[in-house]
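Here is a friendly walk through one protein model, from its inside to its surface. Please keep the 3D view open as you read.

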Amino acid sequence: MIQDTIAAISTAVGEGGIAVIRVSGPEAIAESAKCFRSKSNIVAADSHTVHYGHVVDPATGETVEEILLTVMRGPRSFTAEDVVELSTHGGVVAVKRVLELLLRSGGIRMAEPGEFTKRAFLNGRIDLTQAEAVIDLIRSKSDRAFSVAMKQSEGMLSKKVKALRHNLIELLAHIEVNIDYPEHDVESMTSAYIRERCGEACAEIDRLLKTASEGKILREGIMTAIVGRPNVGKSSLLNALVQENKAIVTDIPGTTRDVIEEYVTLGGIPLRLLDTAGIRETADVVERIGVERSRSALGEADLILFVLNVNEPLHPDDRLLMEQLRNRPVVVLLNKTDLPVVMDTAEVESMFPSDAIVRLSVLHEQGLEVLEDVIKRMFFGGEIESADLTYVSNVRHITLLGHARQSLVDAMEATEIGIPIDIVQIDVRTAWEQLGELIGDSVSDSLIDQIFSQFCLGK
C-alpha cells in the first residue's frame, strides 16, 4: 500500500490563465490544509468540492497566492487516492511559490514523472494499456489520433484482451480436467477442442494486428520527405500545408540549407513533414551538407513527395531522382500548373503510376485536396476506419500480441503431431501470460518503471 503523498505542477510551464498543482496520497488534504486559509474546512469537506481561499506561509503569515482548491476523495479520483488540486494564477513565479510551500511542510514529496498515472495503475483504477493511452492522448497530433487514444484509455483494447484471456483460461481448465481425470475424456477430442479454441484466439489476434500499421501511423505520423531540385516549390508546399511561413521562400537556388521539420494534419492523417534542401551537385560546402542530410531523410521516409516544376523542361537531376524513387512510396507533384506547361510529362507518367501523380499549384493552393486523397488511399485504402475500431499502435502491444499468437500456433501444431496435452498446455498458458503482460496483470517492476518514466512530470 502506498503511504507517502506526492505533488507536482500538472500544467505546462509558462504564462497562462491558471496553473494547477496536483497533490495525491493519504495526507493530501491534511497537508494542503496547513497552508490554506478559507471559510471552508477542507479537512471535513465533501469530495469533489471547490473552495476559494489563500495560500499562506504558516511560518510568517505572509499571503502567498489567491487560489481555488478542489478536494477529491479516494477512490473517486484519478489516482484512486485522496487528491487535492490547487488552481493558481498562471505564472511561473506564482505556481513555483505555492509548490515550494507545500513541499516545505515535510509531509509531501515531489512526484516523479508519470507517478500520478502509475498510482492509478497500481491502485487498480486503470490497467497498463489504459495508462499507456494517457501518453498517446498527450502526444496526439490529430483529432483521429486523439480519438483512438481516448478509446484506448476507456479500455476498448483491454476488454478484447481480457475476453481472450477468459477464453484461454477456460481452455486451460478443460485441459486440467483431462489431465487429472483421463478416464472421463478422450484425448483426441481434447486435442480437437484445443485446435478449435486456439484457432479462434488467433483469428481475434489477427484482427487486432491488422490495424497495427494504420495505428502506428495515427500515433506517430507518416515521416514525409519533400524532395526535388532547388526552386521547384518544396518550401512553398511546406508553408501551404502548415498554413504558416515556416520556410524561407526565394528565387535563389539553395535557399534551404537544412532539413526543416513540421507536423501537419492532412485529412485526419498526421504527417511529419521534412522540407529538404534541393538535391543537386554543388560546390557550396554548407549547401552540400544540406544535400547530404536531404539524401539521409529520403532514405528514412515513409512517404516521399517528389516535386517537379512543369514550367521548365526535365533536368538531369530530375531524372536521377526519378530513378532513385521509382520503387519507393512516392507521390509525384507536378507543380506550378498555373504557369505555361513546358515539361514533357510523358516521361514522368511512364515511370510512375497515374494515381501517384498529382497536378497542383502550390502558389494558389490548388490540388492539395487531391494530394490528401492520394495519401489516404496509399496508407488507409482510401478512408480511415470507423471510430469504433480498436487500433493497436503501441510497439509493446504489437510484440506481445505476436508472441501470444505464436504460442497458440505452437499449441495447435503440437496437437497435430500427437504431443501429450500436458505439454501442449504449456504453450496455451504462455499465451495467456503474454496477454496478461500486455494489460499489466503479469509484468515486472522494471518494465512498469520504464513505461511510466516516459510520462511528463505532473501526469
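## Cores, helices and charge pairs

The largest nonpolar core has 29 residues, and Leu168, Cys198, Leu408 and Val428 have the most contacts inside it. A nonpolar core here is a set of buried Ala, Val, Leu, Ile, Met, Phe, Trp, Tyr and Cys residues joined through side-chain atoms within 4.5 Å. Buried means under 20% relative accessible area, exposed over 50%, and partly exposed in between (1.4 Å probe, protein chains only). Two or more residues of this core come from each of α6 (156–180), α7 (187–209), α14 (395–416) and α15 (421–439). The largest share, 8 residues, is given by α14. Val428 touches Leu168, Leu171, Leu172, Ile175, Cys198 and Ala411, leaving aside residues up to four places away in sequence; a contact means heavy atoms within 4.5 Å. Another core lies apart from this one, with 27 residues that include Val232, Leu237, Val307 and Phe379.

This is a predicted model, in which local features need pLDDT of at least 70 and side-chain atom pairs count only at pLDDT 80 or more, while totals for chains, interfaces and linings use all residues. Residues are numbered from 1 along each chain as its sequence is written, and side-chain values use heavy atoms, with hydrogens and water left out.

Now for the protein as a whole. There are 16 helices and 13 strands, taken as DSSP runs numbered from the N terminus (helices H or I, at least four residues; strands E, at least two). Of the 459 residues, 49% are buried.

Leu447, Ile448, Ile451 and Phe452 are its buried residues. Seen down the axis of α16, they fall within an arc of 125°, so they line one face of the helix; the arc is that of the directions from the helix axis to the C-beta atoms. The exposed residues Asp445 and Ser446 are on the face turned away from that buried side. Cover for the buried residues of α16 comes from elements including α3 (115–122), α4 (128–139), α14 and α15.

Strand β1 (residues 6–9) holds Ile6, which counts as buried at 0% relative accessibility. The C-alpha atoms of Ile6 and Ala111 are separated by 5.0 Å, although these residues are 105 apart along the chain.

The structure also holds 22 salt bridges. Each is a side-chain nitrogen of Lys or Arg within 4 Å of a carboxyl oxygen of Asp or Glu. The table lists some of them.

| Pair | N to O distance |
|---|---|
| Arg165 and Asp441 | 2.9 Å |
| Arg197 and Glu170 | 3.6 Å |
| Glu312 and Arg229 | 2.2 Å |

Glu312 is in the loop between β11 (303–309) and α11 (316–325), and Arg229 in the loop between β8 (222–227) and α9 (234–242), so this pair links distant parts of the chain, 83 residues apart. Glu312 counts as partly exposed at 26% relative accessibility, whereas Arg229 is buried, with a relative accessible area of 10%. A network of salt bridges links Asp4, Glu81, Arg109, Glu115 and Arg119.
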